[in-house]
Every structure is written in structure tokens, then in C-alpha cells.
Amino acid sequence: MDRRIVFQKKQMLSNPQQQFTVEKMAELVNLSKSHLHQLFKREVGMSPIKYLWNLRLGKARELLETEG
């Protein structure tokens, strides 16, 4: 997997509550927004925003299951 995508995924995993935008993510790995989107989708199978959304949903599900 591309090291920039690995880095970006680690950033999202360690701080899922952070306000990530495609612009900020692209800046972190020194890519254009469109290139990041394309590369992320090719490497992960979904857009970076969808990945973050799924990550947050999973975390919420986990919290609901431990509370209930």
C-alpha cells in the first residue's frame, strides 16, 4: 500500500473525531485533492471521506454495544 495512504489512515484511526477535510488530508501527504481521492480509492476501495465515515460509525457502534 502507498505510504501516503498508510500515513493518512493512521492519522484518521488515531484521531477519528478530528475535523478532516479532503483539503487537509491532501495537504498532509503533499498531494492534490483529486490525486489523493483517486489514490485512496484505488488503495482502500473507497473515498477518504467514506473511509472516515465508516471508521466513525464503527466506533459509535462499538460504544453503543459496550454501553448496552
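This is a predicted model: local features need pLDDT of at least 70, side-chain atom pairs count only at pLDDT 80 or more; totals for chains, interfaces and linings use all residues.

Residues are numbered from 1 along each chain as its sequence is written, and side-chain values use heavy atoms, with hydrogens and water left out.

On confidence (pLDDT is the predictor's confidence in each residue, from 0 to 100), the protein chain has a mean of 93, and 99% of its residues reach 70 or more. Helices here are DSSP runs of H or I with at least four residues, numbered from the N terminus.

Helix α3 comprises residues 33–44. Which of its residues are buried, that is, under 20% relative accessible area with a 1.4 Å probe, protein chains only? They are L36, L39 and F40. Seen down the axis of α3, these fall within an arc of 100°, taken from the directions from the axis to the C-beta atoms, so they line one face of the helix. The face turned away carries S34, Q38 and R42, which are exposed (over 50%).

The buried residues of α3 pack against α1 (3–14), α2 (22–28) and α4 (48–67), contact meaning heavy atoms within 4.5 Å. At 0% relative accessibility, F40 counts as buried; Y51, at 14%, also counts as buried.

After α3 comes G45, whose phi is positive, near 95°. Thank you.

Technical notes. Helices (H or I, at least four residues) and strands (E, at least two) are DSSP runs, numbered from the N terminus. The expected span of a helix is 1.5 Å times one less than its number of residues.
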